[in-house]
Amino acid sequence: MGCVTAACLAWLGHRVVGVDRDEYKVRAVNAGESPFHEPGLPEMLQQVHEAGRLSATTEMGQALAGASVVLVCVGTPSEPDGRLNVDQLRRVSAEIAAAVESHEAPLVVAVRSTTFPGTCEEVVLESLGGAGKAAVVANPEFLREGAAVRDFLEPSLLVVGGSDPKAVRTVASLYSALNVEPTLTTLRAAELIKHACNAFHAVKIGFANEMGTLARAMGIDAGEVMETLKKDDRLNASGAYLRPGFAFGGACLPKDLRAIGFGAEMLGLRLPLLESVLPSNSAHLARAIEQVQALPGRRLGVYGLAFKEDTDDLRESPAVAMLERLAASGREFRVYAPHVRMESIFGANLSFLLGALPEIRTQMAGSLGELVEWADQIVLTQPPGASDAAEIAASRKPLCELYRMRSH
Ligand SMILES: NC(=O)c1ccc[n+]([C@@H]2O[C@H](COP(=O)([O-])OP(=O)(O)OC[C@H]3O[C@@H](n4cnc5c(N)ncnc54)[C@H](O)[C@@H]3O)[C@@H](O)[C@H]2O)c1
């Protein structure tokens with residue numbers, strides 16, 4: 001990652017000195033050659049070497065003399081217990097700290113290595129002796145080996161995090177020749193965004209492989225299933241559902257996931273990722289209930305009873321499950337549910353509701369105004385419509401917005 005970063009930044013016109021303790025890599029770069037196989041890298045290294053914009057050294061002090069930004073790209077391999085080993089990061093930070101002693105201008109240290117949230121503060125900033133002569137910025141890299149040069153030059157994401165706005169801007173400006181809008185954020189968020197991206201990629205691969213396994217076991221063309229799934233770029237291959245919020249429920253998702261679990265079991269298949277989705281959802285609901293139980297208000301005004309907004313479908317609604325638990329623990333609450341009218345629900349909807357909340361008729365508020373007036377704490381399980389949102393905001397009552405995991 002360091003070599004690709006160095007070559008690409010030099011190619012963009014920056015003057016770059018690469019530092020590595022590995023003499024072989026340093027020699028290769030100084031000869032204008034690539035120290036490893038990566039498409040497009042040898043040509044680029046040769047060009048920037050000939051243009052005199054990239055050299056390499058094993059000496060940190062030599063590299064930092066006159067530098068305004070140092071980009072840290074050392075390895076952060078796994079420890080046996082899963083944590084990232086930060087020895088290389090600690091050591092290189094100490095070396096930078098020593099070199100920066102004699103530095104005239106303030107140095108910006110951009111951490112491009114993948115670091116778990118808190119590492120930039122606890123390891124890099126700490127080793128540098130706090131925010132003295134150097135500002136620390138997290139600038140994770142998203143390139144893929146095998147397509148590294150193209151990914152660097154055509155990035156889909158540029159993330160720069162830090163608390164020093166000038167340092168953040170300096171790092172973002174290194175990439176100003178690229179066609180990408182920088183996302184400026186905090187140190188810790190930048191670190192987590194990198195992990196979120198890698199976890200998302202891994203989950204997608206796991207999902208495709210488990211679905212493919214299920215398809216193949218049933219004699220169905222796995223590729224066709226996934227190609228068809230991808231054709232829906234509104235709900236499937238899209239940002240839909242990617243919003244941290246409340247648990248899912250309703251008449252379809254839980255039921256159909258259970259059917260997949262049953263079908264897989266009948267076929268003797270183990271599909272741990274798909275099997276874990278309902279337990280994950282239950283754990284998420286349990287966390288939400290704990291959060292609501294811990295609210296200081298005595299009278300909870302709960303907004304939303306259906307399994308999501310804009311429906312009156314109550315089947316497997318996580319809001320109903322939550323209220324069932326609150327009722328069992330003797331918590332005082334009232335509910336306002338837009339679209340749910342007790343007189344017009346019947347059948348499976350009604351029996352599910354009365355089975356969980358036999359007292360619901362007396363717990364329903366007649367209007368949002370009544371709920372807001374009565375409650376000393378509002379809990380929203382779903383996003384309110386514009387006029388409801390305005391009425392709730394005007395009440396100035398404390399809000400717990402489960403649908404976006406925020407309390408204020
Ligand atoms: N490989 C990728 O595709 C990729 C993509 C995005 C992010 N990352 C992240 O980037 C980081 C680096 O990954 P990599 O695959 O390039 O690792 P790597 O192990 O191939 O390279 C790390 C380099 O750092 C050098 N180094 C370590 N300590 C040093 C020191 N004190 N002084 C000088 N040089 C030192 C090592 O000699 C080595 O050449 C990791 O955090 C990784 O997770 C990697």
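## Overall shape and composition

The predicted protein is built from 18 helices and twelve strands. Its C-alpha atoms fill a box of roughly 80 × 55 × 40 Å when the box is taken along the principal axes. The radius of gyration of the protein is 27 Å, whereas a compact globule of 408 residues would have a value near 22 Å.

Of the 408 residues in the protein, 31% are buried. Among the contacts with a separation of 6 or more, 68% are accounted for by residues 24 or more positions apart.

Strand β3, which covers residues 69-72, runs parallel to strand β4, which covers residues 107-111, and four bridges join the two. Together with helix α5, residues 87-100, the strands β3 and β4 make a β-α-β unit that is right-handed.

## Helix α6 and its cover

Helix α6 spans residues 119-127, and its buried residues are Thr-119, Cys-120, Val-123, Val-124, Leu-125 and Ser-127. The elements that cover these buried residues include α5 and β4, together with β5 (134-138) and α9 (187-217). Just after α6 comes Gly-129, which takes a positive phi of about 80°.

## The surroundings of the ligand

There are 21 residues around the ligand, and those that come nearest are Met-1, Gly-75, Thr-76, Ser-113 and Thr-114. Helix α5, already described as part of the right-handed unit with β3 and β4, contributes the largest share of the shell around the ligand, with four residues. Sorted by class, this shell has nine charged residues, six polar residues and six nonpolar residues.

## Asn-30 in helix α2

Asn-30 has its place in helix α2, which covers residues 23-30. Because Asn-30 has 14 C-beta neighbours inside 10 Å, this residue counts as partly exposed; the count falls between the 12 or fewer of an exposed residue and the 20 or more of a buried one.

Leaving aside residues up to four places away in sequence, Asn-30 touches Ser-55 and Ala-56. His-49 stands 19 residues from Asn-30 in sequence, and the two are 7.2 Å apart in space, C-alpha to C-alpha.

## The five-stranded sheet

Five strands form an open sheet with mixed pairing, in the order β9-β8-β10-β11-β12. Strands β9 and β12 (406-407) stand at the edges and have a single partner strand each, so one side of each is left without a neighbour in the sheet.

At one end of this order, strand β8, residues 299-303, is joined by five bridges to strand β9, residues 332-336, and the two run parallel. Within this pairing, Arg-299 stands opposite Glu-332 in β9. From β8 the chain crosses to β9 through helix α14, residues 318-328, in a β-α-β crossover that is right-handed.

Definitions and conventions: Residues are numbered from 1 along each chain as its sequence is written. This is a predicted model: local features need pLDDT of at least 70, side-chain atom pairs count only at pLDDT 80 or more; totals for chains, interfaces and linings use all residues. Two strands pair if DSSP finds at least two bridges between them. A crossover is right-handed if, with the strands pointing away from the viewer, the path from the first strand over the helix to the second runs clockwise. The radius of gyration is taken over C-alpha atoms; the globule rule is 2.2 Å times the number of residues to the power 0.38. Two residues are in contact if their C-beta atoms, placed from the backbone, lie within 7 Å. A residue is near a molecule or strand if its C-beta atom, placed from the backbone, lies within 6 Å of it. Ala, Val, Leu, Ile, Met, Phe, Trp, Tyr, Cys and Pro count as nonpolar, Asp, Glu, Lys and Arg as charged, and the others, Gly among them, as polar.
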